[in-house]
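Please read the following briefing alongside the sequence and the coordinates. The notes are grouped by topic.

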Amino acid sequence: MLRAIAITKRFGRTLALDHVDFEARPGEIHALVGENGAGKTTLMNVLAGSLAPDDGEAILDERPLLAGSPRAALAAGIAAVHQSPMLFERMTWEENLALGGFDTGAERLDLAAVAARGRALAAKLGFELPPSGTTVENRSVAERVRLEVLRALSFNPRVLILDEPTSVLAPSELAAFLDLLRNLRGEGRIVVLITHKLAEAMAVADRITVLRRGRVVARTTPAETSEEKLAGLMIGEVVIQPEAAATKSQAGATVLQVENLKLDDHTGRRILDGLSFRVAAGEIVGIAGVDGNGQTELVELLAGVRQSSDGKIISSGAMAVIPQNRDLDGLILDMRLWENLILARPLRERVTSHGWLNTARALELSRELIDRFRIRAPGPDTIAGALSGGNRQRLEVARAIASQPRIIVAHNICRGLDLAATAEVHRTILDFASDTGGGAVLLISSDLDELLAICGRLLIISRGKIRETSPGERDPERLGLLMAGARD
Amino acid sequence: MLSSIAKPFAALLVAAALISIVLAALGASPLGVFAALGEGAFGSWYACVDTLVKSTPLIFTGLAVSIAFSGALWNIGADGQLTIGAIAAGAIGTHLGGFPHSLAVAIVLIAGALGGAAWGGVAGWLRARRDVNEVISTIMLNFVAVQMLSWMVHGPLMEPSRAYPTSSPIASAAQLDFYFAPSRVNLGMLLAILLAAACYMLLFNTSVGFELRAMGRNRRAATFFGVRIPALTVWVMALSGALAGLGGAVQVSAISHRLYEKLSPGWGFEAIAVALVARLNPLGIIPAAILFGALDNGSQAMQRTQGISPELVQVIQGLVILIILAFDTPAWSGLRENIFGASNDDAAAVPPVAEMPDA
């Protein structure tokens, strides 16, 4: 049995964990749910040895774990999968796995053996690995997470702790992943699933522990509770549901037109295969797809970061892009909040005259945006890396909207956000595309629920090709099949 | 700002303590040695001026390095850029006999800046267009520049009697005046200080400087937000080279008045240490360069009066740099401070972003 007893952890003045008791038994999936900032990740880090608690202790099978030692935790049989993938970008996937438990420990590193074991386990779990020698840097987020799960499992751990692993999975991948968790449970392991997707917790967990502001507020089971009750416990107030879909058909003038867009990578492999679509003012168009089907490349082409091999992108007006990987592409984590805001050229122009940057005006503008978009930060001078995930996303959305674009292209903007933050981002996007806002939005996401909630029109991307769905098509299961590449 | 300068000096004290132990072990009196060092560097008006003379090229090259490093462009070639600037200044300077003084000086300095800009710009262009790692290209270009200087003073620019491997002196019109002669106070020092202020303003008060820092901190994000990385890379490397080249021109115009082999004792490399001690802050370059200049200058007095070899000064310099780096890591400290000072949630679990040279 894995037990945490009265764990307390402070960061500066913030009490991240306040006498938290937690236990998970062998052969169970234990869901740990809570809002962003509730302390879930901190608790995981304490259990996995990445953080030493200020008080309290963690015990596995009556043996206390050495605090603050990931190595000791691993040796005791606790493996963790972190929310932001901890991979070595410029190394190949097999080199990344070699740091796991697949390595034989012989003096000579046998990468081929590591790769073979990795492939075997991956096949058992139901996914494929890229060709040998592929570096991690250009792989999709979903592939990275799968690689991390694989690396964690390579240790053959007694306890597997997963931090928001499913937020990057498509519906079609989700079922398989949940089955995988059930299999691990069947083998008598302890699985701790950190999530704020309540449906998942309800579907797969044996027991659920709810954290709010660093405290355990409930211990329950799916049979005893409901999604609504859990949401209430997590937030401590009424749940804000995103407004119903704005299924407007009377779109305005075309703002973005993409014609026969093609992209080949440097090996000549076709990534995007003749995409054509348009987005009109006042419209939110969704592109649904499983990660790694060309979405990242499409966003890069739209942002002008990459050159297409063929085809046209015609945009009548300014575009603001919110890339999916906010820590790598969207923000400069070791620069200040205000500097991250003026990274957007339109905002920078507002505080610049004749090339001179007016820092006072930039700070003032940032304070306005912090208020307007309710970014929780001590001030505009805060280093972006010190913000929570939700506040980083608010920062990105604030920057995009304040740039006053005609169109916003947003990729997986609610990934890793909790209910309240997601609802807030959705409301901001809906406002932007409302009659008064008049903006156009292209929302690219692997989260079908999100797209169905706010998009008026839905496109499906699969293997670099795009197809329209009929306006009334709202059946998640059928759409999920299309995302997985099924034909009509 | 204050602490960014205070910390290196605290490190200096720790280094001094360590050196004292070494000196005591060698049987020398640490206090005597440090007194001689200080006396030699700052003990008189002339010592102070000589320290400044030794610091001036380090300010120019230190600025060159800090501007490039701020954009994560690892310019290791300030030495070559300074050398090319000196060659340009020395070659043109001999032909300016009939020119008005200020015009001749301006021509010499501009020639030096352009020469350095070309040398840095080549490395920038190679990085931007051909993806050649600038660490390698600037090191290689250093060799080329040094050999070019050697060839020039043995060949095309050799003085008429052909007795010595030096060039003819530049025209007196092209020489920067000394004030308070016989001291060597000259306008090159003022120029260095003004440029430090200008570089600071460029980095922190202009839009293009912001883009440069953004490129340095996160090239991918900068790309996503429309920073034209290739063009900026060429310009930054050219500017960096121009600063170093100007340093070479000032050295020729004010101090050496002619070219000879090994004109630079390695200012371009020492500049990397200067820039790191200053934590890439252009205003911090001035005290950092003076610190290194003072160590250089004081070492002679130390040798004279205490019988300590000047090599020990290099040991001190090396220790100072190591201890400063150990004292704090600039890229991480701000982040760490914010996480433990103000964070209110799981953000504390986010690992710091390491700054890596973009290979």
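This is a predicted model: local features need pLDDT of at least 70, side-chain atom pairs count only at pLDDT 80 or more; totals for chains, interfaces and linings use all residues.

Residues are numbered from 1 along each chain as its sequence is written, and chains are lettered from A and ligands numbered from 1 in the order in which they are written.

- Because nine of the nine residues of α9(A) (295-303) are buried, the helix is largely enclosed by the rest of the structure; helices here are DSSP runs of H or I with at least four residues, and strands are runs of E with at least two, numbered from the N terminus.
- Directly after α9(A) comes A:Gly304, which has a positive phi near 80°.
- Chain A is assigned a domain 1 (2-235) and a domain 2 (254-483), with bounds that come from an automatic or database domain assignment.
- Between the C-alpha centres of domain 1 and domain 2 of chain A the distance is 29 Å.

**Sheet containing β15 to β21**

- Six strands of chain A form an open sheet with mixed pairing, in the order β15-β18-β19-β13-β20-β21; two strands pair if DSSP finds at least two bridges between them.
- Since β15 (319-322) and β21 (465-468) of chain A stand at the edges with a single partner strand each, one side of each is left without a neighbour in the sheet.
- From one strand to the next, the twist averages 20°.
- The pairing of β15(A) with β18(A) (407-411) is parallel and runs over four bridges, and A:Val321 has A:Val409 as its bridge partner in β18(A).

**Sheet containing β6 to β10**

- Another open sheet of six strands in chain A, also with mixed pairing, has the order β6-β7-β8-β3-β9-β10.
- Its edge strands are β6 (78-81) and β10 (215-220) of chain A, each of which pairs on one side only.
- β6(A) and β7(A) (159-163) run parallel and are joined by four bridges, with A:Ala80 opposite A:Ile161 in β7(A).
- Helix α1 of chain A (40-47) packs on this sheet, touching β3 (28-33), β6, β7, β8 (190-195) and β9 (207-212) of chain A, and its direction makes about 150° with that of β7(A); contact means C-beta atoms, placed from the backbone, within 7 Å, and the angles run from 0 to 180 degrees between N-to-C directions of lines fitted to C-alpha atoms, for helices over the stretch in contact.

**Strand β11 and its partners**

- β11(A) (254-264) pairs in the antiparallel sense with β12(A) (270-280) over eight bridges, and A:Val258 stands opposite A:Phe277 in β12(A).
- Five residues lie between the strands of this hairpin, where A:Gly268 takes a positive phi near 90°.
- β11(A) also pairs in the antiparallel sense with β14(A) (310-315), over five bridges, and A:Leu256 is opposite A:Ser315 in β14(A).

**Nonpolar cores**

- In the largest nonpolar core, of 184 residues, A:Val441, B:Val274 and B:Ile285 touch the most other members; such a core is a set of buried Ala, Val, Leu, Ile, Met, Phe, Trp, Tyr and Cys residues joined through C-beta atoms within 7 Å.
- Helix α10 of chain B (229-256) gives the most to this core, with 14 residues.
- Apart from this core lies another of 64 residues, including A:Leu97, A:Val114, A:Leu160 and A:Ala231.

Key: A residue is buried if 20 or more other C-beta atoms lie within 10 Å of its own, exposed if 12 or fewer, and partly exposed in between; C-beta atoms are placed from the backbone. Two residues are in contact if their C-beta atoms, placed from the backbone, lie within 7 Å.
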